[in-house]
Amino acid sequence: MFFLIIIGILLVILGAFECLKYNNKYSEYKEYTAEILGFRSRFEKNESGEQEYLCAVAKYYEGDKEIHADHISYVPSNRAKCQRGDLVRIRVHSKSPEIFLYSEDTDGTSAFGMALVIGGLLTVVFHLLFRLIYGG
């Protein structure tokens with residue numbers, strides 16, 4: 001009878017936990033302004049030939065110390081977010097100062113967690129509406 005409500009509530013709880021875990025993970029990262037120095041590139045073969053992938057290399061300062069860092073991943077060259085010489089906001093974990101993420105990539109919350117929360121809420125609401133309309 002209340003099985004779907006219990007499932008919905010569990011989905012909301014799991015989603016909230018996932019969002020909290022995501023926010024805690026990135027709370028350990030420090031934000032810096034960095035200059036894009038250039039890109040590392042690699043080529044991969046696919047159905048249509050070869051595709052170039054780029055990894056941004058940035059320079060930022062921790063106090064007086066200049067640090068060079070690579071983006072965490074390679075992206076197709078046509079999807080690069082910046083160009084050489086651009087100033088960008090990055091986030092860096094103190095245990096891996098040579099790897100960075102773009103700040104906007106860590107903003108917000110977990111998409112998976114939010115999907116669980118919304119799915120759980122919709123499950124509860126639709127179940128209650130169904131019971132209200134059709135009785136039972």
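What follows is a short exchange on a predicted model.

Trainee: How many aromatic pairs does a search of the whole structure find?

Mentor: The search finds 3 aromatic pairs. One of them is formed by F100 and Y102.

Trainee: What makes F100 and Y102 an edge-to-face pair?

Mentor: Their centres are 5.4 Å apart, and the limit for a pair is 6.5 Å. The angle between the planes is 85°; over 60 degrees counts as edge-to-face. Both F100 and Y102 are buried.

Trainee: Why is the pair of F130 and Y134 called tilted?

Mentor: The ring centres lie 4.8 Å apart, with the planes at 45°. Stacked needs under 30 degrees and edge-to-face over 60, so the rest count as tilted. F130 and Y134 are 4 residues apart in helix α3, so about one helical turn separates them.

Trainee: Why does H71 count as buried?

Mentor: The relative accessibility of H71 is 10%, and buried means under 20%. H71 is in strand β3 and touches residues including F100 and Y102.

Trainee: What makes the approach of the H71 side chain to S73 a polar contact?

Mentor: The H71 side chain reaches the backbone oxygen of S73 at 3.0 Å, and the distance limit is 3.5 Å.

Methods:
Residues numbered from 1 in each chain as written. Predicted model: local features only at pLDDT ≥ 70, side-chain atom pairs only at ≥ 80, totals over all residues. Heavy atoms only, no water. Phe/Tyr/Trp six-rings, centres within 6.5 Å; stacked < 30°, edge-to-face > 60°. Buried < 20%, exposed > 50% of the residue type's maximum accessible area, 1.4 Å probe, protein only. Helix = DSSP H or I, 4+ residues; strand = E, 2+ residues; numbered from the N terminus. Polar contact = N/O pair within 3.5 Å; in protein donor to acceptor, adjacent residues only side chain to side chain. Contact = heavy atoms within 4.5 Å. Lists of a residue's contacts leave out its neighbours within four places in sequence.
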